[in-house]
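Me: I'd like to walk through this model with you, one question at a time. Shall we take a look?

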Amino acid sequence: MTTAVPSPTPQLQSFIDTLPKAELHVHHVGSASARIVAELAERHPGVVPSDPAKLAEFYRFTDFDHFIALYLATVALIRTPEDIRLLTYEVATDMAAQNIRYAELTCTPHTSVRAGVPIEGYVEAIEDARVAAERDHGIVLRWIFDIPGELGENSADQTLRMALDHGPDALIGFGLGGPEVGTSRPKFKPAFDLARAAGLHSVPHAGETTGPQTIWDALESLGAERIGHGTSATQDPALLEYLAQHRIPLEVCPTSNIATRAVASYAEHPLRAMVDAGVLVTINSDDPPMFGTTLNREYGIAAALLDLDAAGVAALAGNAVGASFLPEAGKRELMAAIQARLTEHLAEHGPATPNG
Ligand SMILES: [Zn+2]
């Protein structure tokens, strides 16, 4: 990455690091850190280096093509339900270490089933890890099953069957990912209609690498309740107004947008324009280790882009809680934890100073 990375004061970053948070847009396999991949590589030698120093080098983010290489290498290491359990538990452990208290984690079971893992074993593995992570770290996970859009309607039908016939109670959403170009949203309407009828929330990616029409399509055809990325929304004032009026949240992932070249630089990121238009934005990390980032770093970048003080950061964290599919009692509890941390911070450091 050549673009300058906006950063907050160390004091504000340390507030962010200790702030309880929710994350809504983060991918399961894409969250595998070098540490986790090293463990998987020990089990399945030969695909990627298991030596920590070599692996750290492999993980040094260079560009989007390298991200794809890392992603595929990780996919190739996930072969058994036990691999999936390890990945899921360790991802949750890394999240908890960032004070993420609640996450809606996007899984693509179709990929693992294609690799030979039975869906029953897959679901048992993620559920076993979810329960263990909640017990050990207090982090609450919920699942979104997403369609790998580039594989077309067939993968949509299969993902739908996995969700409806095998989805655990902790499955709350239905998503659509993969490259957007050449993958129109309306063709996935039948699968989304059935998923929504079964009570799953609609959370497709849209408008990340294509224009605002894709976001309209996600709203109109797929009944999107939140938009994954929605980066191009700012190209269409009527769409921004619609999103603001209907309180449709955007799941913004700044570093991912730079990495995939959806946005040329942080300075040109539309985050501020979204906020200025009154749209509810949430900050997320997408595939954090593979893009060389963390959720806490993304909050730091957002705080710098939006000139936020601690209270502003707490409000941004509150947006994610409000936009989540947590039950009301869970939302109240997490909001209270955010407020308590802010109060403590202000007592310690005094009222807001610019960027402090
Ligand atoms: Zn994503």
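Me: Happy to start with a strand: in which one is Ile-283 found?
Reply: Keep in mind that this is a predicted model. Residues 281–283 form a strand, and Ile-283 is part of that run. The strand is β9.

Me: Is Ile-283 buried or exposed?
Reply: The cut-off for buried is under 20% relative accessible area. Ile-283 has 0% relative accessibility, so Ile-283 counts as buried.

Me: Which residues is Ile-283 in contact with, leaving aside neighbours within four places in sequence?
Reply: Good one, and the list has several names. Ile-283 touches Val-252, Leu-271, Leu-295, Glu-298, Tyr-299, Ala-302 and Leu-316.

Me: Now to the metal: which residues coordinate the zinc ion?
Reply: The donor atoms sit at 2.1 to 2.3 Å from the zinc ion. In sequence, the donor residues follow the spacing H-x1-H-x177-H-x80-D. Each histidine gives its NE2 and the aspartate an OD, and the residues are His-25, His-27, His-205 and Asp-286.

Me: How many residues apart are His-27 and His-205?
Reply: His-27 lies in strand β1 (residues 21–27), while His-205 lies in strand β6 (residues 205–206). The pair links distant parts of the chain, and the separation is 178 residues.

Me: Are His-27 and His-205 buried or exposed?
Reply: Buried means under 20% relative accessible area. His-27 has 11% relative accessibility, so His-27 counts as buried. With 9% relative accessibility, His-205 also counts as buried.

Me: What is the geometry of the site of the zinc ion?
Reply: Tetrahedral would need all angles between 85 and 135 degrees. Here the angles among the four donor atoms run from 85 to 172°. The site is irregular.

Definitions and conventions:
Residues numbered from 1 in each chain as written. Predicted model: local features only at pLDDT ≥ 70, side-chain atom pairs only at ≥ 80, totals over all residues. Heavy atoms only, no water. Helix = DSSP H or I, 4+ residues; strand = E, 2+ residues; numbered from the N terminus. Buried < 20%, exposed > 50% of the residue type's maximum accessible area, 1.4 Å probe, protein only. Contact = heavy atoms within 4.5 Å. Donors = N, O, S within 2.8 Å, 3.2 Å for Na, K, Ca; no water. Tetrahedral: all angles 85-135°; square planar, octahedral: opposite > 155°, others 65-115°.
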